[in-house]
Amino acid sequence: MKVGHDHFRSIWVESGEVRIIDQTQLPHKLVIKSLETLDEAAAAIRDMWVRGAPLIGATAAYGVAIAMRSDPSDVGLNRARDVLTATRPTAVNLRWALQEMVPQLATFEPPDRYERAMKRAGEISEQDVATNSAIGDHGLELIRALAERKPGPVNILTHCNAGWLATVDWGTATAPIYKAHHAGIPVHVWIDETRPRNQGAHLTAWEMASHGIPHALIVDNAGGHLMQHGEVDLVITGTDRTTATGDVCNKIGTYLKALAAHDNGVPFYVALPSPTIDWQARDGVSEIPIENRSGDEVSFVQGKFADGSVGQLRISPENTPTHNPAFDVTPARLVTGLITERGIASASAEGLAALFPEMAAS
Ligand code: MRU
């Protein structure tokens, strides 16, 4: 999507190098990095230079390719799989991408593996762009229907960043918003700041501003109040893993938004590409691994100081104990619908099976 007059993707190949935007520096600096080794690709995912379920998957695919450049042996291939698998546990797109890459590469002779891997990683990236664009087309119709029923902009609340920075392009939750904006439908986005890492404040706010979409940043606790006062027409979030039964795992705090939406009769939709569905999982709360991240993410916030420097600020007493689960699970009963590349499904085993019969049967 647009940054100024330029079109950016979140990961791309240039002069034979895999390039990413270092998202830990946004919104203050646009820093582009090249990933040159397997360890760098793993660090990019683990330390969240890149993040968001689909982009984690695409980066893992390129990480395997990068590993094949220096060691295309079977040992090198298995090491790439193991190192990348260990980076982050919750987004199932990581496992999906490695499964797309590794068994197929193993069938080629080592000298052919690098080229094959780059090609497949490129295909996975292109597939993500097309998938998210289709999600946008389906979600657009929801927004259009709401716009026809009320004067003024459609107010959409979103949590974390499920925007183009979390995918290769378009985003999942944001694709319908971008498409509505392009279609001339007035939209206004409420952006949850999304503590502890503030992906809403840092990333979604930057995306919306870069694309000229009206928006306002709100603190995480404001959503319920806005819903009670009729100021939210629709919630759309992304997801890191959705079970075959429609339970949705997403950034911590999503569940509370779904509860508030349910209490206030506000439609709560989740946008997801099909690689985010874990067809083996049936109960999100008990089966999805929830990443626990460093307590420093709770104790410190990152921002820009008055002198223009960017740094971290402690917000709690020294040595205050912390706990930092990064995701939560919203039960399917609280989800109005799942916006996928094949259409909108009810959040249920039947709804997903109707859209993806070949996967549900496997
Ligand atoms: O910890 P993050 O920033 O990787 O978490 C991202 C999210 O929770 C997104 O909502 C999710 O990955 C969907 S991205 C299209």
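1. Residue classes. Ala, Val, Leu, Ile, Met, Phe, Trp, Tyr, Cys and Pro are counted here as nonpolar, Asp, Glu, Lys and Arg as charged, and the others, Gly among them, as polar. On that basis, the lining of the largest cavity comprises nine nonpolar, ten polar and four charged residues. The model under review is predicted.

2. The largest cavity. The count of cavities of 30 Å³ or more comes to three, and the largest cavity has a volume of about 200 Å³. Its lining consists of 23 residues, and those nearest the centre are Arg51, Gly52, Ala53, Asn161 and Asp240. Helix 2 and strand 11 (248-251) each supply at least two residues of this lining. Which element gives the most to the lining of the largest cavity? Helix 2 does, with three residues.

3. Helix 1 against helix 2. Helix 2 (residues 53-70) also packs with helix 1 (residues 38-46): the two axes come within 8 Å and cross at roughly 170 degrees. Helix 1 and helix 2 are therefore roughly antiparallel to each other. From helix 1, the residues in contact are Leu38, Ala41 and Ile45; from helix 2, they are Ile56, Thr59, Ala60, Gly63, Ile66 and Ala67. By class, this contact has seven nonpolar residues, two polar residues and no charged residues.

4. An open sheet of seven strands shows the order 8-7-6-9-12-17-18, and its pairing is mixed. Strand 8 (215-218) and strand 18 (343-345) form the edges, each pairing on one side only. On average, neighbouring strands of this sheet are turned by 25 degrees against each other, direction ignored. Within the sheet, strand 9 (residues 234-237) and strand 12 (residues 268-271) run parallel and are joined by three bridges. Valine 235 stands opposite phenylalanine 268 in strand 12.

5. Helices on the sheet. Helix 6 (residues 175-182) packs on the sheet and touches strand 6 (154-158), strand 7 (187-192) and strand 9. The direction of helix 6 makes about 155 degrees with that of strand 7. Helix 9 (residues 254-264) packs on the sheet as well, touching strand 6, strand 7, strand 9 and strand 12, and its direction makes about 145 degrees with that of strand 12.

6. The hairpin of strand 3 and strand 4. Strand 3 (residues 11-14) pairs with strand 4 (residues 17-21) in the antiparallel sense over four bridges. Valine 13 has valine 18 in strand 4 as its bridge partner. Two residues lie between the strands of this hairpin, where serine 15 takes a positive phi near 50 degrees.

7. Backbone details to check. The peptide bond from leucine 26 to proline 27 is cis, with omega near 5 degrees; proline 27 is found in the loop between strand 4 and strand 5 (32-35). The peptide bond from arginine 195 to proline 196 is cis, with omega near 10 degrees, and proline 196 lies in the loop between strand 7 and helix 7 (199-211). Where does tryptophan 170 lie? Tryptophan 170 is in the loop between strand 6 and helix 6. Its phi is near 75 degrees, a positive value in a residue other than glycine.

Note on methods: Residues are numbered from 1 along each chain as its sequence is written. This is a predicted model: local features need pLDDT of at least 70, side-chain atom pairs count only at pLDDT 80 or more; totals for chains, interfaces and linings use all residues. Side-chain values use heavy atoms; hydrogens and water are left out. Axes are lines fitted to C-alpha atoms, for helices over the stretch in contact, and angles run from 0 to 180 degrees between N-to-C directions. Angles under 35 degrees count as roughly parallel, over 145 as roughly antiparallel, 65 to 115 as roughly perpendicular and the rest as oblique. Contact means heavy atoms within 4.5 Å. Two strands pair if DSSP finds at least two bridges between them. On a 1 Å grid over the protein atoms alone, a cavity is a set of points where a 1.4 Å probe fits but cannot get out, and a pocket is an open set with protein on both sides within 12 Å along at least five of seven lines; lining residues have an atom within 4 Å of a point. Grid points are joined across faces, edges and corners, and a volume is the space filled by probe spheres set on the points.
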